[in-house]
Amino acid sequence: MTRTGEPAEVAGAGLPRLEAREKVTGAARYAAEYPLPGMTHAWVVPAAVPRGLVQAVSADAALAMPGVLAVLAHEDGDGCSAAPRLRPQVPELALLQGPRIAYRGQPVALVVAETPEDARAAAAAVRVRCLPEPHHVVLTADEPESYPPEVVNAGHPGIVEIGDVDAALAESPVVVDVTYTTPPQHAAPMEPHAATAVWEDGRLTLHHSDQAPWRTASTLGELFGLPAEDVHVVAEHVGGGFGSKAMVRPPTVLAALAAKAVGRPVRLAVTRQQMFTLVSHRTPTIQRLRLGAGPDGRLRAIEHEALQRSSRLTEYCEQTVTPTRVMYATPHLRTVHRLARLDVPTPSWMRAPGKAPGMFALECAMDELAHALRMDPVELRLRNEPDAEPGSRLPFSSRNLTGCLREGAARFGWAARDPAPGPHRVGEWLRGTGVAAAVYPGHLRPCVATARAEPGGRFTVRVAGVDIGTGARTALTQLAAEALGVPWDRVTVHLGRSEFGPAPAAGGSAGLASWGTAVHKACRALLGRLAQVGGEVPGEGIEVRAGTEEDVEARPELSRHSYGAQFAEVAVHPVTGEVRLERMLGVFAAGRIVNPRTARSQLLGGMCMGLSGALHEGLEVDPRDGDFVNHDLASYHIATHADFRGAEVLLLRDEDPGLNEIGVKGIGELGIVGAAAAVANAVYHATGVRVRELPIRPEDVRAPAGA
Ligand code: MOS
């Protein structure tokens, strides 16, 4: 049921991903699979306390074990060698540089050995003596030390305030005042983080599981005092990232440090259990929303305040209330981020940073308002459609939220719905439906690409983007073929090498828009050069390099976003509390769709991740020691195919000339936004129980024993 913007006009629309065969046959090589002569292996020795000082690291026993080459720590002594010095831009990457412990699991020593088994065994034999200090690891609603940061992630202002929210709420006939909380979550990409580092003649090569090879090269260059061009990052195939590989994480730095220290190649492959601590997570949030409306459903005031946490090391404040600045018309608006710095690993980007938890809370609160007004929740949203961005008054470059809501309602059969809250019993189960909106910004970031005509009619394109499983390589091949006016199978696109850069990350849903624009420009420039030489390609080929310096965030005269509407139907068992997804429909207006097949997969994946957050995911923090207790995929359940039934995607035609010349907005994150709210609203409609804390657990929705 996928319908797309311009299927017939794009070269190779619906092309299956080009590296599919390599991947399913195991021929595709990932970062931990490059065999190098003289390879060694590193293993992290983690801090056992969440806050304190390392007093002594003793490596004598470890060094006596088979295959052990070195034990690195912050200083020499007791068998340890001091790790090479770094020049970190962020304290989080100052690894093995000093005695302070800022989170449980922080690397306090690193073993390098001939095999992973040797390294692991020796790491267990390293003795670390710590001086623990009192710690604080669990975020609560009352954080006396919390503060409102001036600027939050992605450069958004921490606070946006328009009008007088308190006065408007006091005068509103209908007010919803609710608090929603979301837990820490983990990105859990299929391929755990891994780095293989080699130094040769003072230059570093890194085979790396990475969303941003070019940025990784510059970050490592800064850390080791090298020009970025002396760092080569290779990320040919990457098994997912969801934000966790968009910035350099500690394991990468440790691999490079270790390789420098021992003078041999070093591989550091993070175990699944270590992933939860070492490579970031999504912050928990405690969000208060106050919505005031008239009896006609028109909003008079919105207040959205989000309390979150970061580590002691790095101020990372997720942009959780920013979608509320975009979504609904209101004369009075107050949106505030607050941050508490705790003794925890640094949270960071995870698919739709801020937008996913923020839209969960906003879209559930809108559902609560609809019920308070006895108004259909689709209608409530339609009535509050703004004519310009509420938080900035910027005009929209394009916005088709109403189309998504209307088309979705028609296809989902929304009109037949009983508007009353549950319980709605159908046989043994309770059944209900829910709706929520989705939004995600469109970005265009600076990027260059190289296009090359080979004799014989083939073309080669290079850009330092990376295909993390999204289908980017395939879609870029199509865009290049389209710009060149040739069939897609005459074009080869090379990705995943920092030396092709500059290029932005496969992140912020900005990859295809940014890389694609550069590829388009390079291919068009190449056609110009070919015309100059009469179409005759010399033996050495013709190559041009082109791209865009432009960063659309630097010209904030338009509000640029993709939109969507998510519809879900659930069945809840009243005795067991089991929640089953019966069907789900995501309708999206997300710019020009280059490849409907891979686009659908991306959006379905996002919706599945939203379902997962609604029903399963949540890291449990042990208040005694700061450990993430459920640090494996057995106890941190992620929704899989069996959980995600009956889901479909509908793509609406969406033209947006205000972003870039290829009309691409980016779809990596839009699918997760609103998905959890649609499921939670459906659970309410099914049961009559409003759960304001994710994940929704069986004990939240089953009838009390004896009832
Ligand atoms: Mo995405 S969380 O911006 O890599």
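Colleague: How should I read two packed helices, and what are the angle and distance for α5 and α6?

Modeller: Two packed helices are described by the angle between their axes and the distance between the axes. Here the axes of α5 (residues 213-224) and α6 (residues 250-262) come within 11 Å and cross at roughly 50°. The two are therefore oblique to each other, since angles under 35 degrees count as roughly parallel, over 145 as roughly antiparallel, 65 to 115 as roughly perpendicular and the rest as oblique.

Colleague: Which residues of α5 and α6 meet?

Modeller: Taking contact as heavy atoms within 4.5 Å, Leu220, Leu223 and Phe224 in α5 meet Thr252, Val253, Ala256, Leu257 and Lys260 in α6. The residues of this contact divide into 6 nonpolar, 1 polar and 1 charged.

Colleague: How many disulfides does a search of the whole structure find?

Modeller: A disulfide is a covalent bond between the sulfur atoms of two cysteines. With the cut-off that the pair of sulfur atoms lie within 2.5 Å, the search finds 0 disulfides. The sulfur of Cys523 is 12 Å from the closest cysteine sulfur, in Cys447, which is too far for a bond. For Cys608, the nearest cysteine sulfur is that of Cys364, 18 Å away.

Colleague: Is Cys523 buried or exposed?

Modeller: Cys523 counts as buried at 0% relative accessibility, where buried means under 20% relative accessible area, exposed over 50%, and partly exposed in between, with a 1.4 Å probe and protein chains only. Cys608 is buried too, with a relative accessible area of 13%.

Colleague: What should I keep in mind about numbering and confidence?

Modeller: Residues are numbered from 1 along each chain as its sequence is written, and side-chain values use heavy atoms, leaving out hydrogens and water. In this predicted model local features need pLDDT of at least 70 and side-chain atom pairs count only at pLDDT 80 or more, while totals for chains, interfaces and linings use all residues.

Technical notes. Axes are lines fitted to C-alpha atoms, for helices over the stretch in contact, and angles run from 0 to 180 degrees between N-to-C directions. Helices (H or I, at least four residues) and strands (E, at least two) are DSSP runs, numbered from the N terminus. Ala, Val, Leu, Ile, Met, Phe, Trp, Tyr, Cys and Pro count as nonpolar, Asp, Glu, Lys and Arg as charged, and the others, Gly among them, as polar.
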